[in-house]
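Trainee: I would like to go through this structure with you, one question at a time. Please show it to me before we start.

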Amino acid sequence: MGIFLGEDPLVLLIMVGIFGGAAAWMSGRAVAENWRPVWQAIASGFLLALATRFLTYGLFDGELLSFVGYLRDGILLAVLAIIAWRMRLAAKMADQYPWLYQSSGPFSWKARD
């Protein structure tokens, strides 16, 4: 049973991993693109978890009102949104302010010498 809570792992992979993950990635990038704080990326991940729970219920007869399932989906999608937010913010800092900063990896930037 464990993390799947009686749900089909393939359905979770498709709905949360692929569709929800792609939406979380795009929303994290959009939040960073508009210079918004990270909590908005986290909130978008948990809102997307509501959508994936509903679609899993409607399309695959999954459990709609599962708090543990919602929490699992929300944490996964929020983490993906945070990763996308940080990667886009780091790239944006290096691209928009090249005289001040240079890229020092996918998640960070450093001051130019």
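Trainee: Which residues in α3 do the residues of α2 meet?

Mentor: This is a predicted model. On the α2 side, the residues taking part are Val38, Ala41, Ile42, Ser44, Gly45, Phe46, Leu48, Ala49, Leu50, Thr52 and Arg53. In α3 they meet Gly69, Tyr70, Leu71, Arg72, Asp73, Gly74, Ile75, Leu77, Ala78, Ala81, Ile82 and Trp85.

Trainee: Is α2 parallel, antiparallel, perpendicular or oblique to α3?

Mentor: The axes of α2 and α3 are 7 Å apart, and the two helices pack at an angle of about 140°. An angle must be over 145 degrees to count as roughly antiparallel. The angle of about 140° therefore makes α2, relative to α3, oblique.

Trainee: Is Arg53 buried or exposed?

Mentor: Arg53 lies in helix α2. Leaving aside neighbours within four places in sequence, Arg53 is in contact with Glu7, Glu63, Leu64, Ser66, Gly69, Tyr70, Arg72 and Asp73. Its relative accessible area is 2%. Buried means under 20%, so Arg53 is buried.

Trainee: How is α1 directed relative to α2, roughly parallel or roughly antiparallel?

Mentor: α1 and α2 have axes 9 Å apart and pack at an angle of about 150°. Angles over 145 degrees count as roughly antiparallel, so α1 is, relative to α2, roughly antiparallel.

Trainee: Which residues of α2 make the contact with α1?

Mentor: α1 passes α2 in a right-handed crossing. From α1 the contact uses Val11, Met15, Val16, Gly20, Ala23, Ala24, Ser27, Gly28 and Val31. From α2 it uses Gln40, Ala41, Ser44, Leu48, Thr52, Leu55, Thr56 and Phe60.

Trainee: Which helices are included in what covers the buried residues of α1?

Mentor: The buried residues of α1 include Val11, Leu12, Met15, Gly20, Gly21 and Ala24. Among the elements that cover the buried residues of α1 are α2 and α3.

Trainee: How far apart in space are Leu76 and Gly20?

Mentor: Leu76 is found in helix α3 and counts as partly exposed, at 40% relative accessibility. Along the sequence, Leu76 and Gly20 are 56 residues apart. From C-alpha to C-alpha, their separation in space is 9.3 Å.

Trainee: Which residues does Arg86 touch, not counting residues up to four places away in sequence?

Mentor: Arg86 has its place in helix α3 and is partly exposed, with a relative accessible area of 30%. The C-alpha atoms of Arg86 and Ser108 are separated by 7.9 Å, although the two are 22 residues apart along the chain. With residues up to four places away left out, Arg86 touches Pro106, Phe107, Ser108 and Trp109.

Trainee: Is Asp61 buried or exposed?

Mentor: Asp61 lies in the loop between α2 and α3. Asp61 is not a glycine, yet it has a positive phi of about 60°. Its relative accessibility is 67%. Exposed means over 50%, so Asp61 counts as exposed.

Key: Residues are numbered from 1 along each chain as its sequence is written. This is a predicted model: local features need pLDDT of at least 70, side-chain atom pairs count only at pLDDT 80 or more; totals for chains, interfaces and linings use all residues. Side-chain values use heavy atoms; hydrogens and water are left out. Buried means under 20% relative accessible area, exposed over 50%, partly exposed in between (1.4 Å probe, protein chains only). Helices (H or I, at least four residues) and strands (E, at least two) are DSSP runs, numbered from the N terminus. Contact means heavy atoms within 4.5 Å. Axes are lines fitted to C-alpha atoms, for helices over the stretch in contact, and angles run from 0 to 180 degrees between N-to-C directions. Angles under 35 degrees count as roughly parallel, over 145 as roughly antiparallel, 65 to 115 as roughly perpendicular and the rest as oblique. A crossing is left-handed if the near helix is turned anticlockwise from the far one by less than a right angle, and right-handed if clockwise.
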